[in-house]
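Please look through the model shown here before reading my notes.

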Amino acid sequence: MIPNNFKEWACSLSGCDGGNIDADTWLCGIEWGGGSKGDYYTETLPKEIENGACTPKQNIYDWKDSITYPFGRSFAKLYSAIDGENVENYSKFVSKKWDGSEIFKLNLYPIAFDSTDSALWHTHRLKKLLDLMRNIYFKLGALSIDPLISPSLEKKNSLN
């Protein structure tokens, strides 16, 4: 059985980069980055899971930090096109046009890793922390973005 606080946390906005939750444009990434910053796995993550549902603390998206990473640059170019601008000039828009209130950025999976290497589950002792198998975590990630598949997963799980 999955603890309620874990379900609440996994199906909330945990793992979000933040921004304006009321913005017209939301982007959901499937990337894994950012997890190894500071005491994320040993202090922050266990507290977030224990508290249940998580909301991003940041209400302005940090464009300047974002474009220091490959995905952030790609995102800025994509948003340039959405905004009707020339994608080659994305860095100009980051510094002069956009203030971070125009978008909200979230991630498909609520735990940030630095890569897709499954060894990270062991390195950071997440199996013990979550008391769950990794495949359950990924199924919950899918449920949090597509509730229509929930009945099919529940049916499949009940057969096992």
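The numbered points below go from the chain as a whole to its aromatic rings.

1. This is a predicted model, in which local features need pLDDT of at least 70 and side-chain atom pairs count only at pLDDT 80 or more, while totals for chains, interfaces and linings use all residues. Residues are numbered from 1 along each chain as its sequence is written, and side-chain values use heavy atoms, with hydrogens and water left out.

2. The protein chain has nine helices and three strands, which are DSSP runs numbered from the N terminus (helices: H or I, at least four residues; strands: E, at least two). Of its 160 residues, 35% are buried (under 20% relative accessible area, with exposed over 50% and partly exposed in between; 1.4 Å probe, protein chains only).

3. Nine aromatic pairs are found in the whole structure (rings of Phe, Tyr and Trp, the last by its six-membered ring, with centres within 6.5 Å; planes under 30 degrees apart are stacked, over 60 edge-to-face, the rest tilted). Trp26 and Phe104 are a tilted pair, because their planes stand at 50°, with the ring centres 4.5 Å apart. Trp26 belongs to strand S2 and Phe104 to strand S3, so the pair ties together parts 78 residues apart in sequence. Trp26 is partly exposed at 42% relative accessible area, whereas Phe104 is buried at 0%.

4. Tyr61 and Phe75 pair edge-to-face, at 5.6 Å centre to centre and 80° between the planes. Tyr61 is buried at 5% relative accessibility, and Phe75 is buried at 3%. Both belong to one aromatic cluster, together with Trp63, Phe71, Tyr79, Phe93 and Trp98.
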